[in-house]
Amino acid sequence: MGRFSFIKAAAGIIAGAIIFTSAHFPMKPVSTADAANKSRVSVHDPSIIKNGDTYYVFGSHIEAAKTKDLQNWSRFTNGYTTPDNVEFGNLSQNLKKAFAWAGEDLEDCENGFAVWAPDVIWNPDYINPDGTKGAYLMYFCASSTYMRSVIAYAAAKNIEGPYTFVDTLIYSGFTNNDSYATSKTKNVNRKYTSTNVDELIASGEVTFNNSWFNKNNYNNQLFPNAIDPTIYYGTDGKMYMCYGSWSGGIFTLEIDKTTGKCIHPKTGTTSDGRMVDSYFGTKISGGYGKSGEGPFIEYNADTGYYYLWVTYGALTSTGGYNMRVFRSKSPTGPFTDPAGRQAVLPSNPNLDSVGLKVMGNYKFSSLNTAYMACGHNSVLRDDDGKWFLFYHTRFDDGAEFHEVRVHQMFFNEEGWPVTAPFEYSGDTISPGGYNESDIVGDYEYINHGNSTDGKIIGYQNIKLNADHTISGAVSGRWEQDAGSANAYHYRRTALFRSFYSC
């Protein structure tokens, strides 16, 4: 289920089995000097939004940055600084309702904060307190353990903030009885009556579900950690929020465009047998204790599919963090991979066998150090129709420092996304194809496979020959589609639409 990556060694350019470079090879690997000259930022879990001619990424730990060229970034936030927080002003006071449950001076964030993975959108239908319409809405999460978290949202007239807290939406990690989490400043009852669940039950929006609990504790094998919210729109005109992390899986809920709040469904199952819970929504991925986080969904009108990206593995350099992609004709699924396997997992699944792997830990010879733990991505279709992938990556340097990377992305003839091997540097490709003499040559080849083991995937040497054979570490045949930049890789007796990725 993996991807293939190619770079042309002799000329120092890249050439993929789907998209080849032109005679002038504008899609070149970033040299050491070029990379050093770029203005970098460290924004974990970057979520992309474009505002006018400026691109913004918002990420965990109240970090954000902006750029006009997708190459040189500048930070405009000040992290957890308070009371003069750039995004939230008086952090403790503004987010008081969320922090009453999680995210401030408690358990994993004792003596500090844990505000993670925001997603910012412009919502023209949102009705502000003064009656005006339209606001930037930031959906974010606050967390204190691997299962006890809360998703909330805030609004602003300016994309850079400050954002005013609106309300909490989804809680996780609650119990069915009294159970307390304490610190020097906190004493939080974990019982579900400390959340908004009992209020929603009283209003008739949610039905109590005994399955939320396992021996009175939160059942995180079936239900999510309420983090990593992302907003997306359906062709049905509705607004949705997908969210969730690890263990119980990833869910989606409809959002009321005028209020920004969740519209809760009735508990039941989908036509294909997936869980629908009145509080958490419809399950679209994962479950049963397996990894999977950072969901992001975007619709491609050209292919007619919604694409769901999730990241498997643990987020550390050697934790096997790697992005996967699924797709569906419906905004609520089922999402499947190219082999037809559902993103929602059965019990005791082999996680590596599910999902189209976008990239793993890897190194070409032109990179000073291997890219490690590439993940928690977002995607953007730009105004000119180009697609881009945004993610954070660590490096094989013995540390956990991370930076934002951007790669151009394409869709092959089967409608699956294909990511360029190197970060974006203003590259272009010709839709009409290229001279075969420019394609022939020596390449570095990486097969990203389907593992989540954290090992670095090195390159092998192959050659695309003038007689359309492939020799070296792999064998087969290649052809370029007449009149386009598409190419086909024939191997053994089967035809593969080969992918290349970073």
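A salt bridge here is a side-chain nitrogen of Lys or Arg within 4 Å of a carboxyl oxygen of Asp or Glu. In this predicted model, select Arg-394 and Glu-400, whose side chains form such a bridge at 2.9 Å, N to O. Arg-394 counts as buried at 6% relative accessibility, whereas Glu-400 is partly exposed at 39%.

Next, select strand S27, residues 387–395, together with S26; the two pair in the antiparallel sense over 7 bridges. Within this pairing, Phe-388 in S27 is the bridge partner of Leu-380. The hairpin has 5 residues between its strands, and Gly-385 there takes a positive phi near 95°. Then colour S26, residues 371–381, by accessibility: 10 of its 11 residues are buried, so the strand is largely enclosed by the rest of the structure.

Return to the salt bridges, of which the whole structure holds 19. Select Asp-352 and Arg-324, which meet at 3.9 Å, N to O. Asp-352 lies in the loop between strands S24 and S25 and Arg-324 in S24, so the pair ties together parts 28 residues apart in sequence. Arg-324 is buried, with a relative accessible area of 0%, while Asp-352 is partly exposed at 23%.

A further selection is Arg-40, Glu-403, Arg-405 and Glu-423, which are linked in a network of salt bridges.

Finally, colour the chain by pLDDT: the mean is 90, and 89% of residues reach 70 or more. Over residues 9–28, pLDDT stays under 50. Residues 491–502 are also below 50. Where pLDDT is low, the predicted coordinates should not be read in detail.

Terms used
Residues are numbered from 1 along each chain as its sequence is written. This is a predicted model: local features need pLDDT of at least 70, side-chain atom pairs count only at pLDDT 80 or more; totals for chains, interfaces and linings use all residues. Side-chain values use heavy atoms; hydrogens and water are left out. Buried means under 20% relative accessible area, exposed over 50%, partly exposed in between (1.4 Å probe, protein chains only). Helices (H or I, at least four residues) and strands (E, at least two) are DSSP runs, numbered from the N terminus. Two strands pair if DSSP finds at least two bridges between them. pLDDT is the predictor's confidence in each residue, from 0 to 100. Contact means heavy atoms within 4.5 Å.
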